[in-house]
Structure formats: structure tokens, C-alpha cells
Amino acid sequence: MSTEFQETEVPEADSRETTEGRVYTVSGGDWEDLIEDSRHDERMVINMGPQHPSTHGVLRLVLEMEGETVTQLRSVIGYLHTGIEKNCEYRTWTQGVTFVTRMDYLAPLSTELAYCLGVEKLLGIQAPRRAELLRVMLLEINRIGSHLVYIATGGMELGATTAMTLGFREREEVLHLLEHLTGLRMNHAFIRPGGLAQDMPDDYQEVVSAFVKTMDERLPLYDKLFTGQPIWRNRLKGVGYLPVDACLALGVTGPVLRSAGLPWDLRKTEPYSRYDEFEFDIPTSTDADCWARYLIRVEEMHQSLRIIKQCLKKLEPGPVMVEDKKVAWPAQLSLGSDGLGNSLEHVRKIMGQSMESLIHHFKLVTEGFKVPAGQSYTTVESPRGELGVHLVSDGGTRPLRVHVREPSFVNLQSMPAMAEGGLVADVIAAIASIDPVMGGVDR
């Protein structure tokens, strides 16, 4: 077996003699252009996330870098997609609460309230005064817990592990309190169309007062550890700059907008759930950077404590659900002695004494109530900004359409404006200052 090789003339590479021997220089083709480009171009594309510990959740950032400077940034989302809005269309109006509460899992009560206000608007009803005041109290407790996670996770991402341990220690106080008041630490589904699932436990005044006292003592510690700390200040000051005109152009709301100088807070500008009866301040700044957002959130926790104290004074005995039995689902439950399920008296009344009660309860739980045809848009001020819920009803027992204007999703648009032209280390601070929750982004 023989193989013939056809000889072709191969140009020899240029060579030169050195002290180490002969060195060849490859040339020709597109080598010259490639080398010329590379002399002035040190750009590289890197992925940050979605498994990166500092991207504040399953967020992927595609960074184009030139040295340490970010020249281009692109947010890639969708890694946590749940289809919550679509799922709501296959459940009754009340069951929708158990879905929407899982969007922003750090402030579930805000989403519950926005959704329920929309359903109540379509029904033409208003929750009783006690229910509205209790809603305010629960939302402000939840706001404190959410801002504590911002400090804890943001601090950890910037290397301040003490921020993480302290932030989660205080958040545990919040979760213990919410568990005592609603029965669950997170994803409460406690705010229902027409009011609340149940009234507060008998000792709620004492436990909430004890919580306020504890937080009043512990919050100054954050100023000692972080506000006056030069490393913390240097990592945040002048970083992630976003002026008020850029915020308005991008639809950014919440602490990021208020850090740019606009005191836009829906609790003041478009009050809901009796917020107009409370005295509290809206902290603002004109620095428009990560440092200002940190200071604003710390001050907002103090203002939330102020609102909670006023709630405790304003609360009076009364119903926590509308009187209309066709809406008030579930019926006023009384827990069994083990804290699980209904009490025997309640079961006996529904199942043994009144056939009408049993039929009504069965129909209300399985089919739900009908909502008049129409559409509504209701907003609340979540810890991250304007949270709006658009509901469409065709007159049935299920929503025709549910769409949520989630502030984390909208605010994330500002990442390129905040980060491009800055250092890669400052990208981390900018993400943390937006405080996005990916459950809300990828709903």
C-alpha cells in the first residue's frame, strides 16, 4: 500500500537568531489584523451568576469588561420562573392569594394586600376598619423584615459578615412575630378578599409591643456598626449613581427613587388602607447613590416602628371580615386544641346542625364567589417600590387575567445605567442597593 504526497511550496516563517536560539515569527493571513486589534482591546465577556453568591439570587449578569471597568452590562432573568400569574387564572379569587404571596417572598403581605384590594374594588366592598388597621400593622412589620434582609445580604455580598449575622438575627424576631400573629413565617395568605383570614391572637398587643421595644433597642446598633464605618461608607458612597430623571425614565420606584430626591411613597401620595390616618415621614436624599439607599432603608425601619405603635393605639374590637357571607371565605374558623384544623364545635355546627351552612361552606370553598365583570388596578408601596396588580374579571368565580407590576422587575432595568463605566466590584453594591427579589422578577 503506497501513498503519494503532493509537495506544495510552504513559505518559511521569518526567523531571527537570539541568545536562546532561533525564534520564528508567524505572519500572513489575518494574524496581523488580529494582533493589531488585541494591542488596544482588552475587552472580555464574563458571566456573573446565576449561581454567583453575590448576584442577590438566581440572577445572571453578562458583563463586558475592559480591565476592571464594566463597559456593558446585560441582565438575564427567568431562572426562577413560576408562572404564578397564569396559575391564578385556574383558581378561585380567594385561592389566588396563596399564589401571589409567593412572588416577593421577602414581603409576601404587600402582594397579598395589593391583590385583595383589587378584588375588593371589583366587588365594590371595603374591609372593616379593624381589618384595615391590622393590615397596616402586618405590612409594616413585614417591611422591617425585608429591609433587614437587604442589609444582611448586601453586607454579606460586600464582605461584611457581621451584617449578615445581625440582620438575620433581627429578621428572626420578625418571622417569629408573624408566625405568632398569622400562623406562618412566610407566604401567609392571611390577607383575604374582604378582610383577614382570622383575628389576632388574644395577646397580640403584648407581643407586638415587646417586638417594637426590642427593635428600638437594636436598630441603633446598625448605625454604630455600619453608618459610621469608613469601609462600609467608601464601598457605597458615589457608587451606583442614578439621578431622578433616569429613575423616572426607567420607571424606577421605592427607595432607589427616593434616594434621588423625589418623595414618592404611595402610602402618602395615594393612601390606601387608612394610611392617611397615620403620622410618619418619608426619608429622601439627593445623593442618588448606594449610600443614600442604605440610609433611607434604615430610617424607613424607624418610621415603620412609629406606624406600628400608632396601630396599637388605634385598634378597637370589631370584625375582621366583611359581613357578606357570600364573600367571607373561609367562615370564621375556630382552631382545635392542638392548633391544627377546626374545633369540634365548629365542625358540629357546620356538619351536624345546619344543612344550609354545610352546603354554603362547600360551595364557597370549592367554587368560590362570583366577581362582577370589569377590571381594576390597585397599588401599594412594597419595600421595593410601587407594586401594582391588574385584575380582569369576566363575571365568573376565577380571574380572567392577573398581571402584577412587580417593582423588582422594573427596577432591575436600572442596572446598566448604574454599573456601566464603574468597576466590577461596584456592580455588587449596585445590585444590593436595588434589592431585587427574583421571585418577583420571574413571577
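**Cavities and core in a predicted model**

Helix H6 gives the most residues to the lining of the largest cavity, four in number. The model is predicted, with local features needing pLDDT of at least 70 and side-chain atom pairs pLDDT 80 or more, while totals for chains, interfaces and linings use all residues. Residues are numbered from 1 along each chain as its sequence is written, and side-chain values use heavy atoms, without hydrogens and water.

User: How many cavities of 30 Å³ or more are there?

Analyst: A cavity is a set of points on a 1 Å grid over the protein atoms alone where a 1.4 Å probe fits but cannot get out; lining residues have an atom within 4 Å of a point. Volume is the space filled by probe spheres set on the points, which are joined across faces, edges and corners. The count here is three. The largest has a volume of about 60 Å³. Its 13 lining residues include Leu 106, Asn 142 and Arg 171, which are among the closest to its centre.

User: Which residues touch the most other members of the largest nonpolar core?

Analyst: In soluble globular proteins, nonpolar side chains tend to be buried together. A nonpolar core joins buried (under 20% relative accessible area, 1.4 Å probe, protein chains only) Ala, Val, Leu, Ile, Met, Phe, Trp, Tyr and Cys residues through side-chain atoms within 4.5 Å. Among the 112 residues of this core, the answer is Met 137, Phe 211 and Met 415. Helix H5 (residues 129-157) gives the most to this core, twelve residues; helices are DSSP runs (H or I, at least four residues) numbered from the N terminus.

Technical notes:
Buried < 20%, exposed > 50% of the residue type's maximum accessible area, 1.4 Å probe, protein only. Helix = DSSP H or I, 4+ residues; strand = E, 2+ residues; numbered from the N terminus. 1 Å grid on protein atoms, 1.4 Å probe; cavity = no way out; pocket = protein on both sides within 12 Å on 5 of 7 lines; lining within 4 Å.
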